Amino acid sequence: MLAQLVLEPVRALLLAAMVFVPFERLAAANRTQRVFRAGWATDAITGFLNGLLLFLVLLGALAGIDAAARIVAPHLRAWVAAQPIAAQAIVAVALGDLGVYGVHRLQHTVPWLWRFHAVHHSAQEMDWLIAFRFHALDLLLSRIASLGPLVALNAAPAAIAVFVAVFAWQSWLAHANVRITYGPLRWVLVSPEFHHWHHSAEREAYNKNYANVLACWDLLFGTAYLPGGRAPDRFGVDDHVPGGYAARFFFPFRQRLDQARAGK
């Protein structure tokens, strides 16, 4: 089990690299950006270490959600379990992404949550590895918000696996340094163009485009932003987020301590 725990994140990272490194060379949005841009190794290490740190914690949290739901909603769980796997998978992707939308919106609007989420938004260049640049607690909250409802409803493991696979692929693609257009589907599915605007440092794009898979959630809730004919001028945040995994991990706590001292 320990070997699998270590090998799975490495396997996923290598597979993604095999796909997205050449993809970003062939269809680059920013053609001057290097393959090994500044901070790439820290982001790769972050993805690996977060996977190790959160594995048991996430399993414990989901087990607690499952146990509570067994008591609260046994009939609903039985009904969901009786549905075809294909239907469960479609609902899992939609509902899981709605969970991501909801918690993502909170991460941008609740100040103490933003301190953690700012680590992800500190990237000044976009590529597929930015999908790994998360504070561990920020990532844990997103995982619980997306997987928790699926576990509570007793969705089949195969349906949950479909959501996990779609979510992982979409996370890499949405952050990738690629320029591809979705045509009319741009208001249905989250494209790299759509998500890059979410990372824009331009004020008119703040707090927009929260969904990860289905852009229609942003359209439905009035947070969609996709101006035609141009791309964001710059990315990043106003706060200085340090480099290095350990420094980023403690950054939100130190920022809170500095604010508390300044208020005295």
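Reply: Let us begin with a term. A cavity is a set of grid points where a 1.4 Å probe fits but cannot get out, and its lining residues have an atom within 4 Å of a point. Please keep in mind that this is a predicted model.

Me: Why is a probe used at all?

Reply: Rolling a probe the size of a water molecule over the atoms shows where empty space is left. In this structure, one cavity of 30 Å³ or more is present. The volume of the largest cavity is about 50 Å³.

Me: Which residues line the largest cavity?

Reply: Its lining consists of Thr-46, Val-119, Phe-134, His-135, Tyr-245, Arg-248 and Phe-249. Helix H10 (residues 245-262) supplies the largest share, three residues. Sorted by class, the lining of this cavity has four nonpolar, two polar and one charged residues.

Me: How should I read a pocket?

Reply: A pocket, in contrast to a cavity, is an open set of points. Here the second largest pocket has a volume of about 340 Å³. It is lined by 22 residues, and those closest to its centre are Ala-29, Arg-179, His-196, Ala-231 and Pro-232. That lining divides into nine nonpolar, seven polar and six charged residues.

Me: How many helices and strands does the chain have?

Reply: There are ten helices and zero strands. Read from the N terminus, the order of elements is therefore α-α-α-α-α-α-α-α-α-α.

Me: What describes the packing of two helices, for example H2 and H6?

Reply: One reads the distance and angle between axes, then the handedness, then the residues that meet. The axes of H2 (residues 40-72) and H6 (residues 136-152) come within 9 Å and cross at roughly 35°. The crossing is right-handed. From H2, the residues in contact include Leu-54, Leu-58 and Ile-65, and from H6 they include Leu-140, Ile-144 and Leu-147. The contact residues comprise 14 nonpolar, two polar and two charged.

Me: What does the radius of gyration say about the chain?

Reply: A compact globule of 264 residues would have a radius of gyration near 18 Å, and the 19 Å of this chain agrees with that. Along the principal axes, the C-alpha atoms fill a box of roughly 55 × 50 × 40 Å.

Technical notes: Residues are numbered from 1 along each chain as its sequence is written. This is a predicted model: local features need pLDDT of at least 70, side-chain atom pairs count only at pLDDT 80 or more; totals for chains, interfaces and linings use all residues. Side-chain values use heavy atoms; hydrogens and water are left out. Axes are lines fitted to C-alpha atoms, for helices over the stretch in contact, and angles run from 0 to 180 degrees between N-to-C directions. Helices (H or I, at least four residues) and strands (E, at least two) are DSSP runs, numbered from the N terminus. A crossing is left-handed if the near helix is turned anticlockwise from the far one by less than a right angle, and right-handed if clockwise. Contact means heavy atoms within 4.5 Å. Ala, Val, Leu, Ile, Met, Phe, Trp, Tyr, Cys and Pro count as nonpolar, Asp, Glu, Lys and Arg as charged, and the others, Gly among them, as polar. On a 1 Å grid over the protein atoms alone, a cavity is a set of points where a 1.4 Å probe fits but cannot get out, and a pocket is an open set with protein on both sides within 12 Å along at least five of seven lines; lining residues have an atom within 4 Å of a point. Grid points are joined across faces, edges and corners, and a volume is the space filled by probe spheres set on the points. The radius of gyration is taken over C-alpha atoms; the globule rule is 2.2 Å times the number of residues to the power 0.38.
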